[in-house]
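Morning, everyone. Please have a look at the sequence and the structure before I go through a few features.

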Amino acid sequence: MEPFAKRPRVEGVPGTSDGVPAETIITFHLLKKDAAGGVIMEEDGTFPPEMTHQLFGEKEEILGYDGLSIDVWFTPQFQAFIDVKYASKGPGATDLKQPFKEAFEAGFLEDKAAFDKALQEEPAIDVGVLGREIVSRETEEGSTFSICHAQLSSAHPSLKALHARLQPLVFFFIDAASSIDAEDPDWQLLTAVERTADGVEVLGYASLYRHYHYPAGVRLKLCQILVLPPHQGRGAGGLMVQAAQQLAEEMEACDLSVEDPAVTLQALRTGLDVQRALALEWVQEAAKERIAALAADKGKGPARAVPTGRGSSSSSSSSRAAKQAALEHPLAASAPVLERLRRELRLSKLQAGSVWRVLVFVVGKGEAAVEAGVEGMIRQQLVAQLAAAKEDAQGKSLRDTDKGFIMCRGASEVKSMLPLLPVEEQSAEQQAEAVEESTEQQMEAVAAVAAKFLGPEQDL
């Protein structure tokens, strides 16, 4: 299936007099078996999709039906039965079969008797076919979570078939998802399962891609991670991220990156990275040194001005000055510290910066002076990014993303805090406003992650 564009922002309430929101029509049902082989409904196992634009377009509507319901039933090994019912169908009605056929490449059943037969004959999940267990932990309920790893192209046929049946769910829960080539030897699969007295149950999965890194290394990218809705909030997602981190260590990857992470995933990832960093004594000492430097420098206020030079010489000078100011902020980590942090924790450059901000906040115990200092450091870094972007403008347009200020040509669907204008036409007020809004958002993210480490039981 071809990759989809990211979900566009549609103004207004979805659905019209001629159509209904697809997410109100589609319902998923997860079935499981007990120790005796009896079929039971998974607790909280009935749930709607989070998105449907990858099947039914940006308006996410289904047109032309009266009394329509679409129930998608899954066996424990995710054989699917799609049950479509409606009272009447009008002219120009939405084609329902083709979108599901494209998403469910491994096929699905349309006959209940055939599904019931498949459900009864389906064997229990064999953990042995899922690959090598990387991490596991006991739950409060007495069960065990396990994360198993396999190279997808050489995986057991049963695991490859299971992945093919699980994969359609990403189109309903991961924006801009796409199916992957199971024969590409660089795809790695993590499968999350829970072991109970009743057997083994799949909680979700993650796919990672191994990239070549010049001259003789690899980079590992976490491309998709899905925890099924009934199992969310129980720690399976965090355990899969930990497994990905361990896999990066085993492969001696230069870093582990995450492809376009959702806000919740980025917070989870950063929290785990901060936890690993705090276990390194030298990291805490480095953070304490910068906090001491802040205290000695407390007479200086944070930078708020955005460079506004328009000539090439002026822009270049402003860019250098802004970059130097960001580097010289009292809380800014030195290049050797960031490089060591990246190397020892296998972080990308962007993630190392995110982790350092939270580290300083946590080691400084969230005190007001440290909080203000982290805010000033973020602001100066954004000012430097903006100045560098302006220097390279030349007819491009400016966007603020989770990766900082970037330049684009022509139209773009990326959400921005700035209007889509050539940089040379943006006012200093617009640029300053974008910096302040982004600073506020990033500080909220820092504080949210840091809060997990600043409870009364924490001893830093």
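A charge counts as sitting over a ring if NZ of Lys or CZ of Arg is within 6 Å of the ring centre and within 35 degrees of the ring normal. By that rule, Arg-340 sits over the face of Trp-282, 4.1 Å from the ring centre.

Some background. This is a predicted model, where local features need pLDDT of at least 70 and side-chain atom pairs count only at pLDDT 80 or more, while totals for chains, interfaces and linings use all residues. Numbering runs from 1 along each chain as its sequence is written, and side-chain values use heavy atoms, with hydrogens and water left out.

Next, ring pairs. Rings of Phe, Tyr and Trp (its six-membered ring) pair if their centres lie within 6.5 Å; planes under 30 degrees apart are stacked, over 60 edge-to-face, and the rest tilted. The whole structure has 13 aromatic pairs. One of them joins Tyr-65 and Tyr-86, edge-to-face, at 5.0 Å centre to centre and 65° between the planes. Tyr-65 is in strand E5 (residues 65-66) and Tyr-86 in the loop between strand E7 (80-85) and strand E8 (88-89), so this pair ties together parts 21 residues apart in sequence. Strands here are DSSP runs of E, at least two residues, numbered from the N terminus.

Are these two tyrosines buried or exposed? Buried means under 20% relative accessible area, exposed over 50%, and partly exposed in between, with a 1.4 Å probe and protein chains only. Tyr-65 is buried at 18%; Tyr-86 is partly exposed at 40%.

Finally, ring pairs also link a cluster that includes Phe-28, Phe-47 and Phe-173.

Terms used. Helix = DSSP H or I, 4+ residues; strand = E, 2+ residues; numbered from the N terminus.
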